[in-house]
Amino acid sequence: MTLLRNLLIAALVVTGASGCAVNPVTGKQQLMFSSQEQDIATGAQHYQPSQQSQGGQYVVDPQLTSYVNQVGKKLAAVSDNPNLPYEFVVLNNDVPNAWALPGGKMAINRGLLVELKDESQLAAVLGHEIVHAAARHGASQQSKGMLVNAGVMLAGVAAMSQDSQYGALAVGAMGVGANAWMSKYSRDHELEADRYGVDYMIKAGYDPMGAVELQETFVKLSEGNQTSWLDGLFASHPPSRERVAANRRMAEQHPGGARNKAAFDKAMAQVRKDQPAYKDYVAAQKAAGEKNYSHALSLLDNATKQQPKENLFWELKGQILGTQKKNKEALTALDRAVQANPQFFRPYVYRGLVQRQLGNTDQAERDLIASQRLLPTQLASYHLGEINLAKGQRNQAVTYFQQAAQGGGEIGEAAKGQLAKLQ
């Protein structure tokens with residue numbers, strides 16, 4: 001423990017000596033304990049898990065992601081840090097949110113896109129997020145956190161040092177790391193992202209009034225007391241009348257520019273057409289949460305008729321049917337979910353559980369392992385532990401139970417109980 005403490009202090013001293021870097025956007029000095037190369041590596045590491053944990057990619061209409069990427073790359077090209085490996089995806093999530101990881105990996109939710117009216121408003125969202133990446137705001141926030149939380153960091157290092165391989169696995173499996181990089185930005189960071197985001201819009205030829213309208217939309221949504229939205233976009237990007245006014249002052253100095261409403265409407269045509277189906281899906285989630293399963297299934301039948309290619313609809317149907325012990329029907333629905341989006345982890349988890357109920361242990365194991373490759377989870381780890389225990393593969397069972405035990409809650413306690421029996 002003393003050695004670890006000394007190593008940490010030494011690391012902080014070294015980084016303290018070189019802990020300031022030039023903000024690529026403003027040209028000012030800012031606290032920074034990582035290099036831009038480390039930013040890029042961090043973003044690449046957390047990009048896929050972050051997408052998986054927030055609904056996965058929207059796959060019903062891949063052209064929408066291509067369109068968003070095109071707009072994003074146009075803005076990134078005129079940014080103050082144009083050489084980052086920028087990438088933009090559309091996530092299959094109803095919450096109006098957008099985020100940027102260090103290094104230029106970004107996402108915008110389907111739920112935010114449907115709140116926008118034209119391409120200039122989309123450019124305002126993406127330009128704002130590009131500034132967060134270009135100015136290295138996420139890395140700066142984490143650097144400040146390192147100083148504040150040095151004691152916590154030391155405890156974490158000590159815990160992981162007992163079994164470094166397991167510690168790294170637990171972090172990767174149970175604490176999807178992107179959430180740490182999307183913590184609440186400072187007021188200065190938000191205003192900076194607004195200011196330079198508008199500048200990028202102007203350089204790319206967009207009407208900066210799109211940024212004003214965007215902030216006005218956010219203020220209206222926040223005033224509607226929609227808690228899911230507040231927990232999403234507004235947790236890290238709190239709107240305010242002050243930001244609306246600041247954007248308006250900048251926009252009025254540069255009137256005109258492209259709105260590209262026709263191009264935006266064309267790209268959004270499928271999502272907008274499917275909005276009634278997504279509303280049925282949200283209502284079905286609520287009904288299922290209240291254990292009104294018959295109503296939830298009726299809503300999902302409507303949703304799948306409207307859009308049979310949406311994996312979320314089939315997944316929820318399979319989950320509800322599994323809860324009702326209608327395992328064969330659940331399996332059929334979950335098969336459709338996997339077919340619709342084979343790169344999303346959650347249907348594999350639920351299908352694996354149904355396969356276990358049906359006694360199809362080998363198929364269950366394959367599905368649970370497939371889910372783990374996409375996003376390791378406590379639930380899949382626990383059931384893989386049970387499967388391996390039943391097969392007499394004690395060491396592998398212990399590994400899975402150890403992973404599950406890190407997640408806490410009922411499953412974590414159950415995993416600890418299994419580990420106690422195996423000692």
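## Aromatic pairs

In this predicted model, Phe344 and Phe345 are both buried. Their rings form an edge-to-face aromatic pair, with 5.4 Å from centre to centre and 80° between the planes.

The count of aromatic pairs comes to six. Among them is the pair of Tyr47 and Trp99, which is edge-to-face at 6.1 Å centre to centre, with 90° between the planes. Tyr47 belongs to helix H2 (residues 36-53) and Trp99 to strand E4 (residues 98-100), so this pair ties together parts that are 52 residues apart in sequence. Tyr47 and Trp99 are both buried.

Tyr278, Tyr281 and Phe313 make up one aromatic cluster. Arg110 lies over the face of Tyr278, at 3.7 Å from the ring centre.

Arg110 is part of helix H4 (residues 110-113). With a relative accessible area of 2%, which is under the 20% limit, Arg110 counts as buried. When neighbours within four places in sequence are left aside, the contacts of Arg110 include Tyr58, Val90, Leu91, Asn92, Asn93 and Asp94. Val271, Tyr278 and Leu312 are also in contact with Arg110.

## Salt bridges between separate elements

The model has a count of 18 salt bridges. One of the bridges joins the side chains of Asp118 and Arg259, at 2.7 Å from N to O. This pair links distant parts of the chain, 141 residues apart: Asp118 is in the loop between H4 and helix H5 (119-134), and Arg259 is in the loop between helix H14 (241-252) and helix H15 (261-267). Asp118 is buried at 5% relative accessibility, whereas Arg259 is partly exposed, with a relative accessible area of 22%. Asp118 and Arg259 also belong to a network of salt bridges that includes Asp207 and Glu213.

A further salt bridge connects the side chains of Arg351 and Asp335, at 2.9 Å from N to O. Arg351 lies in helix H21 (residues 346-357) and Asp335 in helix H20 (residues 327-340), so the pair ties together parts that are 16 residues apart in sequence. Arg351 counts as buried at 15% relative accessibility, while Asp335 is partly exposed at 28%.

The side chains of Lys203 and Asp199 meet in a salt bridge at 3.5 Å, N to O. Both residues lie in helix H10 (residues 187-203), where they are four residues apart, about one turn of the helix. Lys203 is partly exposed, with a relative accessible area of 47%, and Asp199 is partly exposed at 28% relative accessibility.

Conventions. Residues are numbered from 1 along each chain as its sequence is written. This is a predicted model: local features need pLDDT of at least 70, side-chain atom pairs count only at pLDDT 80 or more; totals for chains, interfaces and linings use all residues. Side-chain values use heavy atoms; hydrogens and water are left out. Helices (H or I, at least four residues) and strands (E, at least two) are DSSP runs, numbered from the N terminus. Buried means under 20% relative accessible area, exposed over 50%, partly exposed in between (1.4 Å probe, protein chains only). Contact means heavy atoms within 4.5 Å. Rings of Phe, Tyr and Trp (its six-membered ring) pair if their centres lie within 6.5 Å; planes under 30 degrees apart count as stacked, over 60 as edge-to-face and the rest as tilted. A charge sits over a ring if NZ of Lys or CZ of Arg is within 6 Å of the ring centre and within 35 degrees of the ring normal. A salt bridge is a side-chain nitrogen of Lys or Arg within 4 Å of a carboxyl oxygen of Asp or Glu.
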